[in-house]
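Hi there,

Here is the structure I promised to pass on. Have a look at it first, then read my notes below.

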Amino acid sequence: MHRMLLIAVVAVLGTGCGGAEMDEPTDLPSEELGTSSSELAALELNEASASVSYSYDIVNFVYDPNMFPGEVGRGGYQRDGDKIGMADSYGDGMRIGVHWRLGDGSRRGLCYWTGGAGTHGGCNKDFPEGKRFEFRIGRCNGSKYSCGDPAQSGSGWQNWSDWSSTGT
């Protein structure tokens with residue numbers, strides 16, 4: 001009983017929070033994601049904490065075609081420890097965020113970093129093993145927008161990378 005309660009609390013609260021080279025193919029089954037907002041799991045929204053550099057299994061990049069150089073940030077996922085991280089590469093005053101989801105639609109979230117150019121942060125999550133983990137990285141101007149749920153119009157997130165995926 002206590003274990004079920006603990007699992008429910010962790011599922012609701014999360015544990016903390018962070019893409020694009022494609023990872024090697026996995027033997028994970030294909031999982032369909034819900035497409036309407038009523039089918040989406042509740043968003044786990046986490047501000048990243050300052051962290052040591054992780055060694056990521058898969059990395060994704062966010063670009064702004066109007067800036068030189070075009071890369072304005074990067075994000076990554078490390079399977080060992082389920083760590084999501086991101087780095088702000090450009091002094092534009094915008095936050096960097098990693099929008100993630102599990103392939104079965106059971107969990108989704110946004111880990112964002114507000115530390116500024118030349119800094120990095122991360123979120124430490126706890127995902128079930130054997131799931132497909134999908135993520136993309138983007139940026140948002142927090143002085144103009146809520147920078148909340150990327151699935152909601154008007155949240156202000158932009159310059160999203162393509163989705164990348166790997167296994168948990």
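Five strands, in the order 1-7-6-9-10, make up an open sheet with mixed pairing. (Strands are DSSP runs of E with at least two residues, numbered from the N terminus, and two of them pair if DSSP finds at least two bridges between them.) At the edges sit strand 1 (43-47) and strand 10 (164-167), each pairing on one side only. On average, neighbouring strands in this sheet are turned by 25° against each other, ignoring direction; the angle is taken between axes, which are lines fitted to C-alpha atoms, with angles between N-to-C directions running from 0 to 180 degrees.

Before you go further: this is a predicted model, so local features need pLDDT of at least 70 and side-chain atom pairs count only at pLDDT 80 or more, while totals for chains, interfaces and linings use all residues. Residues are numbered from 1 along each chain as its sequence is written, and side-chain values use heavy atoms, with hydrogens and water left out.

Back to the strands. Strand 1 runs parallel to strand 7, and the two are paired over 5 bridges.

Strands 3 and 4 are joined by 6 bridges in the antiparallel sense, and Phe-61 has Arg-74 in strand 4 as its bridge partner.

**The core**

In soluble globular proteins, nonpolar side chains tend to be buried together. Here the largest nonpolar core has 18 residues, and Tyr-77, Ile-84, Met-86, Phe-127, Phe-133 and Phe-135 touch the most other members. (A nonpolar core is a set of buried Ala, Val, Leu, Ile, Met, Phe, Trp, Tyr and Cys residues joined through side-chain atoms within 4.5 Å; buried means under 20% relative accessible area, exposed over 50% and partly exposed in between, with a 1.4 Å probe and protein chains only.) Strand 6 gives the largest share of this core, with 4 residues.

**Aromatic pairs**

The whole structure holds 8 aromatic pairs. (Rings of Phe, Tyr and Trp, the last by its six-membered ring, pair if their centres lie within 6.5 Å; planes under 30 degrees apart are stacked, over 60 edge-to-face, and the rest tilted.) Tyr-77 and Phe-127 have ring centres 6.3 Å apart and planes at 50°, so this pair is tilted. Tyr-77 has a relative accessible area of 0%, so it is buried, and Phe-127 is buried too, at 3%. Trp-100 and Phe-133 are a stacked pair, with 6.2 Å between centres and 20° between planes. This pair links strand 6 to strand 9, 33 residues apart.

**A buried arginine**

Which strand holds Arg-108? Arg-108 is in strand 7, and it counts as buried because its relative accessibility is 9%. Its side chain reaches the backbone oxygen of Ala-41 at 2.5 Å, and makes a polar contact of 2.7 Å with the side chain of Asp-149. (A polar contact is a pair of N or O atoms within 3.5 Å; within protein, one must be able to donate a hydrogen and the other to accept it, and residues adjacent in sequence count only if both atoms are side-chain atoms.)

Cheers
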